[in-house]
Amino acid sequence: MATAFLLVGLPAAGKTSRARVLERERPALRLTTDAWVLRLFGGANPAPERDVVEGLLLTTGLRAAALGVDVVLDFGFWSRDERDALRHVFGAAGVSCVVEHLVVEADVQRGRVARRWRERPQDTFPISDDELVEWRASFEAPDESELAGGPVPAPPAGQTWADWASGRWPGFDPTVGTFPRVTQDTPERV
Ligand SMILES: Nc1ncnc2c1ncn2[C@@H]1O[C@H](COP(=O)(O)OP(=O)(O)O)[C@@H](O)[C@H]1O
Ligand SMILES: [Mg+2]
């Protein structure tokens with residue numbers, strides 16, 4: 001059974017550093033949204049396109065995990081629903097999820113963000129102090145149950161977690177987790 005690591009944390013918390021360690025140690029397929037968005041959009045960070053990139057990376061990651069490869073999702077996952085949806089969808093494909101929370105204090109974070117921008121501008125987006133404050137306020141830290149791999153709560157009323165996830169991330173196809181399961185009754189898809 002493969003493992004998918006969901007790396008949770010604010011900018012400069014150390015997610016990509018941790019992802020690089022897991023990538024070597026497991027080994028695992030590392031999927032880092034920022035790296036793709038930076039190269040695709042030349043340093044801009046357009047929100048709708050970012051969601052599509054994440055969706056495509058999730059399709060790739062879920063498929064790889066269903067095929068037995070460990071995967072690191074280096075996304076940030078600031079909202080609880082995002083993590084619950086993926087824990088459910090990956091779990092349904094027989095993949096166990098590990099939620100890891102990288103924590104950084106505000107003053108340390110400001111220092112790291114400034115330094116990264118100074119030293120390696122090609123590896124990051126410009127981030128203002130106001131954004132750091134706003135993002136910290138909106139961040140939903142994972143609780144003990146999530147970190148321990150506890151039960152996934154029910155999805156929002158009237159939806160499945162798979163529906164929720166493909167709405168949140170256009171380009172994410174949750175069915176790749178269970179495809180192909182060809183039996184005598186189900187003709188092979190082309
Ligand atoms: N545990 C740590 N202690 C000190 N510096 C760290 C630590 N983790 C990351 N850093 C530094 O902080 C900066 C941001 O780390 P990074 O892994 O890119 O964060 P994220 O991917 O969460 O934005 C980098 O310059 C990195 O070297
Ligand atoms: Mg990063």
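We are looking at a predicted model, where local features need pLDDT of at least 70, side-chain atom pairs count only at pLDDT 80 or more, and totals for chains, interfaces and linings use all residues. Residues are numbered from 1 along each chain as its sequence is written, chains are lettered from A and ligands numbered from 1 in the order in which they are written, and side-chain values use heavy atoms, leaving out hydrogens and water.

Some background: side chains of opposite charge can pair when their charged atoms come close. A salt bridge here means a side-chain nitrogen of Lys or Arg within 4 Å of a carboxyl oxygen of Asp or Glu, and the count comes to 14.

Let's start with R168. Its side chain forms a salt bridge with D51, at 3.0 Å from N to O. D51 sits in helix 3 (residues 47-66) and R168 in helix 8 (residues 161-168), 117 residues apart. Helices, by the way, are DSSP runs of H or I with at least four residues, numbered from the N terminus.

R168 also pairs with E54, at 4.0 Å. E54 belongs to helix 3 as well, 114 residues from R168.

D51 is partly exposed at 23%, and so is R168 at 24%.

Now to E146 and R83, which meet at 2.7 Å. E146 lies in helix 7 (residues 144-147) and R83 in helix 4 (residues 80-92), so this pair ties together parts 63 residues apart in sequence. E146 is buried at 1%, and R83 is buried at 0%. Both belong to a salt-bridge network that also includes R80, D84, R87 and D143.

Definitions and conventions
Helices (H or I, at least four residues) and strands (E, at least two) are DSSP runs, numbered from the N terminus. Buried means under 20% relative accessible area, exposed over 50%, partly exposed in between (1.4 Å probe, protein chains only).
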